[in-house]
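Subject: Structure handover

Hello,

Here is the structure I promised to pass on to you. Please open it first, and then read my notes below with the viewer at hand.

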Amino acid sequence: MDTERTVAAVLAGYLRQAGVTHVFGYPGESVVDFMEATRDQGPATVAAVREGSAAFMAEGAAMCTGQLGVCLSTLGPGSTALLNGVASAMLDRVPLLAISGQVDSAREQYWTHQLVDQGRLFAPVTKLTARLEPRSADTVIRRALRTATAERPGAVHLTVTADSFGMTVPESGIGGKVPPLAPAAGTLDCYGEDPVRRLRAARRPVLLAGGGAVRCGATAALTRLAERAGLPVVAGAMAKGVISENHPYFAGVLDMAGYRVIWDLLASADLIVAAGFDPVELITPWQVATPVLHVDTTPNTDQIYPAATELVGNVAAALAWIDANWTGAPRWTAHEVAAHRGALRDAWHAGYASGRLNPSEVVTTVREAAPAGTIAAADVGSHKIMAGQAWVARAPRETLITNGLSAMGFGLPAAIAAGVTRPGAPVVCLTGDGGFAMTAPELSVASRLGLGLVVVVFSDGTLNRIELHQQSLGYPLTATSVDRTDIPALAESLGCDGVRVDSVAGLEKALDFRRTRPLVIEARIDTAQYAAQF
């Protein structure tokens, strides 16, 4: 087909300009024109086993690259299957563009076969739903890109009828360049009291960093301020690595294993500097009365915590401005923060079962074996709570965690996307056996693409978090067992290597990050540590 200025070609061109290298999806008749338009010049199409996984792949790609993630589906069952991953990106504040085909426009008003109203379907879980048509294609695509990436970022859905993809887009005369897609560079607005005066007046302030700090590239500014002012830094789960977790002022991850120790620290502070922190990073409700200095790209409209002072704009610029105006002695010593980390480590070690393979040992053993620059993608469940604290993140965008929708089945697709979009980087997926069962067929995609990722399955045969909740209510365990599968044999059948371990020594022997074929390790664990964290 001639792709000159067709809707498909124009859309592909905008995606290339936006830095998109891969589209994750599942083929269908209604989208083949778009796939053809991308075949030679990109973005490359990566076919998943199912559309739901493709959306998680797109989210994972956006998380680890900082670029827009893109997923593609056909009409009807393709678009409905896409929904879960789109909702995940929306609640995780991840920029994502979802594109779904539709029946040709002549039949759309009366047809029933595989037809759903995609605008109404996706409206509750996106920032924008729109139709892509030839006469308005340039404007609608630019609007979609800008909306998905504008603070706070999220998901946008485009419906394109099968006949529209091949139609010619008229020259608009206003150009076809992508709008700015990065956070604002340096403008700051201050509401309320002087933020520097608030910080200077505090004797025991703590810095709470979230995803907004990662999106604004605030690592250097945050680290400098923490060092000069002596601020312990607590990170949200989706901001792991925003300060190296080997840094003397790193103070742990909120609402992960040992969470009570973190909340005690925040309660003992006389000021919390919330830098890019987002309510989606909470698992338990906000539970302290400590005054908050709100520093974020958006005003404090959530009101999860009250804040008498707001510094609104680029988080890196805001922290750098505070640092430039800081005077005074460090408020905490590195020794004090080290003592806090020791108490936190004791807390997440609670429940340790001697002679068994403990969840904390799985995380720390994999971390020790993983090379520098390893990207870790965690699925959802009790293992995420442990990994969120025990996995030592050394840089931002190297730990992929969903905490908004927190959908099981995220981990493996996100790990595959990391392997595709960050070629050469070692990748590990940490998943429970329940989440693994939901997406295990995607291993064939990793094998097809020659990805040497390592998948570690925390295998206990249960939906542990649900069991713990049932037990806390005095209910008998109901429908929470995960059917035992021969995971190594399943891995082999999907083109991967597989091994089962039940000890640290066995895990150490099995781990190998220098490979061109996926490795799946079933780690048979004891769950006593999970119960201690509930």
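**Overall picture**

For a chain of 534 residues, a compact globule would have a radius of gyration near 24 Å, and the protein chain has 24 Å, so the two agree. Please keep in mind that this is a predicted model. Along the principal axes, the C-alpha atoms of the protein chain fill a box of roughly 70 × 60 × 45 Å. The secondary structure of the protein chain comprises 21 helices and 19 strands. Of the 534 residues, 58% are buried. If we take the contacts with a separation of 6 or more, 75% of them are between residues 24 or more positions apart.

**Helix H3 against helix H15**

Two helix pairs are described here, and this is one of them. Helix H3 covers residues 51–65 and helix H15 covers residues 411–421; their axes come within 7 Å and cross at roughly 55°. An angle from 65 to 115 degrees would count as roughly perpendicular and one under 35 degrees as roughly parallel, and H3 and H15 are therefore oblique to each other. The crossing of H3 past H15 is right-handed. On the H3 side, the contact is made by Ser53, Phe56, Met57, Gly60, Ala61, Cys64 and Thr65, while H15 brings in Pro413, Ala414, Ile416, Ala417, Ala418 and Thr421. By class, the contact of H3 with H15 divides into nine nonpolar residues, four polar ones and no charged ones.

**Helix H13 against helix H14**

The other pair is helix H13 (residues 359–369) and helix H14 (residues 382–390), which pack with their axes 9 Å apart at an angle of about 45°. That angle makes H13 oblique to H14. H13, too, passes its partner H14 in a right-handed crossing. Where do they meet? Pro359, Ser360, Val363 and Thr364 in H13 are in contact with Met386, Ala387 and Ala390 in H14. The contact of H13 with H14 has five nonpolar and two polar residues, and no charged residues.

H14 is also worth a look for its burial: nine of its nine residues are buried, and the helix is mostly covered. The buried residues of H14 include Lys384 and His383, along with Met386, Ala387 and Ala390, which are the H14 residues that meet H13.

**Backbone details to check**

If you plan to set up calculations, a few backbone spots may interest you. The peptide bond from Gly42 to Pro43 is cis, with omega near -5°. Pro43 lies in the loop between helix H2 (32–39) and strand E2 (44–47). Another cis peptide bond joins Glu151 and Arg152, and there omega is about -20°. Arg152 sits in the loop between helix H6 (137–149) and strand E6 (155–161).

There are also non-glycine residues with positive phi. Arg93 has a phi of about 60° although it is not a glycine; its place is in the loop between helix H4 (77–91) and strand E4 (96–102). Is Arg93 buried or exposed? Its relative accessible area is 19%, so Arg93 is buried, the cut-off being under 20%. Ser406 has a positive phi of about 50° and is not a glycine either. Ser406 is found in the loop between strand E15 (399–400) and H15. At 23% relative accessibility, Ser406 counts as partly exposed.

**Two more residues**

Asn300 belongs to the loop between strand E12 (292–296) and strand E13 (309–313). With a relative accessibility of 5%, Asn300 counts as buried. Leaving out residues up to four places away in sequence, Asn300 touches His294, Tyr305, Pro306, Ala307 and Glu310.

Glu36 is found in helix H2. Its relative accessible area is 30%, so Glu36 is partly exposed. Glu36 and Ser444 are 408 residues apart along the chain, and their C-alpha atoms are separated by 24 Å.

Happy to go through any of this with you.

Best wishes

Notes. Residues are numbered from 1 along each chain as its sequence is written. This is a predicted model: local features need pLDDT of at least 70, side-chain atom pairs count only at pLDDT 80 or more; totals for chains, interfaces and linings use all residues. Side-chain values use heavy atoms; hydrogens and water are left out. Axes are lines fitted to C-alpha atoms, for helices over the stretch in contact, and angles run from 0 to 180 degrees between N-to-C directions. Helices (H or I, at least four residues) and strands (E, at least two) are DSSP runs, numbered from the N terminus. Angles under 35 degrees count as roughly parallel, over 145 as roughly antiparallel, 65 to 115 as roughly perpendicular and the rest as oblique. A crossing is left-handed if the near helix is turned anticlockwise from the far one by less than a right angle, and right-handed if clockwise. Contact means heavy atoms within 4.5 Å. Ala, Val, Leu, Ile, Met, Phe, Trp, Tyr, Cys and Pro count as nonpolar, Asp, Glu, Lys and Arg as charged, and the others, Gly among them, as polar. The radius of gyration is taken over C-alpha atoms; the globule rule is 2.2 Å times the number of residues to the power 0.38. Buried means under 20% relative accessible area, exposed over 50%, partly exposed in between (1.4 Å probe, protein chains only).
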